[in-house]
Amino acid sequence: MNASVIEALDALFQPANRSDTPGVVVGVAQHGKTLYRKAFGLASIEHGVRNTLATRMRIGSTTKHFACLAALLLAEEGKLDIDAGARRYLPELPAGLPEPTLRQFMTHTSGMRDSLDVGFLAAGLTIKPKGEGLAVQARQTGINFAPGDKMMYNNGGYHLLSLAIERVSGMGFEQFLKERIFEPLGMLDTASVPSDFEIHPGMATMHVALPDGGYRRGIFPSEEVKGEGAIISTVGDMLRWLRHLRGPHSVGSEESWKQMLTPARLNNGMDSSYALGLLLEKYRGIDVIHHGGTVIGGTCQMLAVPQHALDIVILSNGAPVSVPELANKVIEAVLGEGAFPLPAERIARSADYQPLVGARYASSSAGMVIGFGETDGKLGLIIHNSPAIPVREENGALCLDFGRTVTGPYRVAVEAGAAPQALELEDAGTMQLLERLPDPPPLAEAGKPLVGRYRAPDLRAEAHIEFDGEVLQLRVASEYGPNLLALTPYSHEIFGWAYTGQLAPLGGTLHVERAGGKVSGLRMNSLRTRHLHLERIED
């Protein structure tokens, strides 16, 4: 690699090259040869230890395709059928709900709720014990959608897949990955670690930035993380793995790898961009294979450009940078502008869509609520009170890919400078008509009918809505502790909710149910949970 490319990469990572913040470790290789490997920032602010090339970090959801390969290895031996109904291996799952397959867990098309997201609703970041992941899924009385109808990111599906792997293989998930994948490939610094309370040599501390400029230690709220995001690794091991992912393959048959790299097809015939734990997308017209990972206090991006045999791994323990954006910039720096058939995607400017900013739209039949906001001059789509996610412009529509929002993909046909009374939202190929909501009513007027007690069986909790001064709040009381949500009226029938603690700014919506003119219940929605019922309890 020439000196100008090295200089360009150094400049990219300069914001993380500090001695007072957490940092990143970067690895770039082409045709199996290392082009760039450097470590920046601190592995531990507490102890003043800097990151090195040997520093291990959590890779989060990048773990998912390792879990998929593990399942396929068992399928090769005839021990596991990933197209069988999940209850064959997990009989604890509710018999009264539609039954997805293991493959649908792997492609995020199962329609089941996400046990991790439901756990956040019930008790925030309170640490959940072993067994709670399965217990949450077993007590659900509803689903997000019918299996195969849509895509919605689901950590719980991967947790269930991991349990099926354990039951069929007769060994723990961690041991199976070690014996069947890590050791054969020489990934000796890689392990599946189910709890952040475990201590492993060379591990960086995960750092959560606080508003006052300080940091909080990142602890994932489970003692039983598995295929959804348990792996710790180094850039060296991950580059070794990416070289294997592109082929030739010594672990897993070619048929298994063909399945790994084949996108899912929905019931409506639409092909998704998600295969088995891997996203297959294009960056400026070039095919890329990638998967990110977000944990409490860190991020990871693993990306391969097969056409150019280019492999990129970036591990972060809380650096103040966007790891996915940096990975894309690495592609540009290494390949040069002439390698791309397309210009950079056109992100919608909020100035061009100013009448939309602050507007909200809802569908009473489908329960979908969207809004529009702005971040750093970019127009963003808000889904069930999520943060505003920047949208790209394409052929007269605003678009969000699955890789950006972990649901969808979404497409809204709308002209610049307009804010119509109705919008057509395309969600994973299915059209929904949404009506614009009027200006929100006063909080006291809209919130008063909601005040009272509720029962939430799917959360195994009770809830109470009350005013605290001028704030309307929903207090959830589960066996693992309380969770407090702030409520904001969008209309008399729809409220936004947001976590008030460390999970902010995540949130969702509440849809009011009435019987005999009185509030009889609520339906909770978020990016990954839909139609969760809260039943009103009469005092």
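Me: Which classes make up the lining of the second largest pocket?

Reply: Ala, Val, Leu, Ile, Met, Phe, Trp, Tyr, Cys and Pro count as nonpolar, Asp, Glu, Lys and Arg as charged, and the others, Gly among them, as polar. Here the lining has seven nonpolar, four polar and four charged residues. The model is predicted: local features need pLDDT of at least 70 and side-chain atom pairs 80 or more, while totals for chains, interfaces and linings use all residues. Residues are numbered from 1 along each chain as its sequence is written, and side-chain values use heavy atoms, without hydrogens or water.

Me: What is the volume of the second largest pocket, and which residues are closest to its centre?

Reply: A probe the size of a water molecule, rolled over the atoms, shows where empty space is left. On a 1 Å grid over the protein atoms alone, a pocket is an open set with protein on both sides within 12 Å along at least five of seven lines; a cavity is a set of points where a 1.4 Å probe fits but cannot get out; lining residues have an atom within 4 Å of a point. Points join across faces, edges and corners, and volume is the space filled by probe spheres set on them. The second largest pocket holds about 310 Å³. It has 15 lining residues, with Asp196, Glu198, Met203, Ala204 and Thr205 closest to the centre.

Me: Which residues of helix H7 are buried?

Reply: Buried means under 20% relative accessible area, exposed over 50%, partly exposed in between (1.4 Å probe, protein chains only). Helices (H or I, at least four residues) and strands (E, at least two) are DSSP runs, numbered from the N terminus. In H7 (residues 173–182), Phe173, Phe176, Leu177, Ile181 and Phe182 are buried. They cover an arc of only 150°, taken from the directions from the helix axis to the C-beta atoms, so they sit on the same side of H7.

Me: Why is the pair of Phe66 and Phe182 edge-to-face?

Reply: Rings of Phe, Tyr and Trp (its six-membered ring) pair if their centres lie within 6.5 Å; planes under 30 degrees apart are stacked, over 60 edge-to-face, the rest tilted. Nine aromatic pairs turn up. Phe66 and Phe182 have ring centres 5.9 Å apart and planes at 65°, so the pair is edge-to-face. Phe66 is in helix H2 and Phe182 in helix H7, 116 residues apart.
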